[in-house]
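Please work through the following exercises with the structure at hand. Each task is followed by a solution in steps.

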Amino acid sequence: MQRDWAALALDKGDTINAKTMAGQANTTAIRLGMSTLAQQAASMLDEITSKAPLPTYDGLSERELDVLRLIAEGCSNREIGERLFISQHTAANHVRSILQKTGCANRAEAAAYAVHRQLVRPASHS
């Protein structure tokens, strides 16, 4: 029954409840020795987990997030290009896009944006 409720929640796009119910169905089936149902629930749980959306940050792409992390480390466009194996010009385009998407006025604000959203760890002063 829990697996059916999980399937219904998943069909409605409610991945949070679907994941919870599929996990409960798996646990219950294992406790009761129902290996087929446990396998079905585990498979559903894997499906739900693989479909879970990744957090987004103002529409930044994965590559822009990589660039933003390097900005927060204090890298120049040249250093970003070297680290990511892209041209300095491409790095500058990514920086421009990041500033536009995040509403940051400069690299320092972008670095603070990254730290605030826990995309990087703040520098420790030893």
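The exercises below concern the overall fold and the nonpolar cores.

This is a predicted model, in which local features need pLDDT of at least 70 and side-chain atom pairs count only at pLDDT 80 or more, while totals for chains, interfaces and linings use all residues. Residues are numbered from 1 along each chain as its sequence is written, and side-chain values use heavy atoms, with hydrogens and water left out.

**Exercise 1.** Determine the secondary structure and the overall spread of the protein.

*Solution.* Step one: the protein contains seven helices and zero strands; helices (H or I, at least four residues) and strands (E, at least two) are DSSP runs, numbered from the N terminus. Step two: the radius of gyration, taken over C-alpha atoms, is 22 Å, well over the 14 Å that the globule rule (2.2 Å times the number of residues to the power 0.38) gives for 126 residues, so the protein is more spread out than a compact globule. Step three: the C-alpha trace spans about 60 × 35 × 25 Å along its principal axes.

**Exercise 2.** Describe the largest nonpolar core.

*Solution.* Step one: a nonpolar core is a set of buried Ala, Val, Leu, Ile, Met, Phe, Trp, Tyr and Cys residues joined through side-chain atoms within 4.5 Å, where buried means under 20% relative accessible area (1.4 Å probe, protein chains only). Step two: the largest such core has 21 residues, and Val 67 and Leu 68 are among those with the most contacts inside it. Step three: α4 (62–72), α5 (77–84), α6 (88–102) and α7 (107–116) each give two or more residues to this core, and the largest share, five residues, comes from α4.

**Exercise 3.** Identify the contacts of Val 67 beyond its neighbours within four places in sequence.

*Solution.* With contact defined as heavy atoms within 4.5 Å, Val 67 touches Ile 80, Leu 84, His 94, Val 95 and Ile 98.

Methods: Buried < 20%, exposed > 50% of the residue type's maximum accessible area, 1.4 Å probe, protein only.
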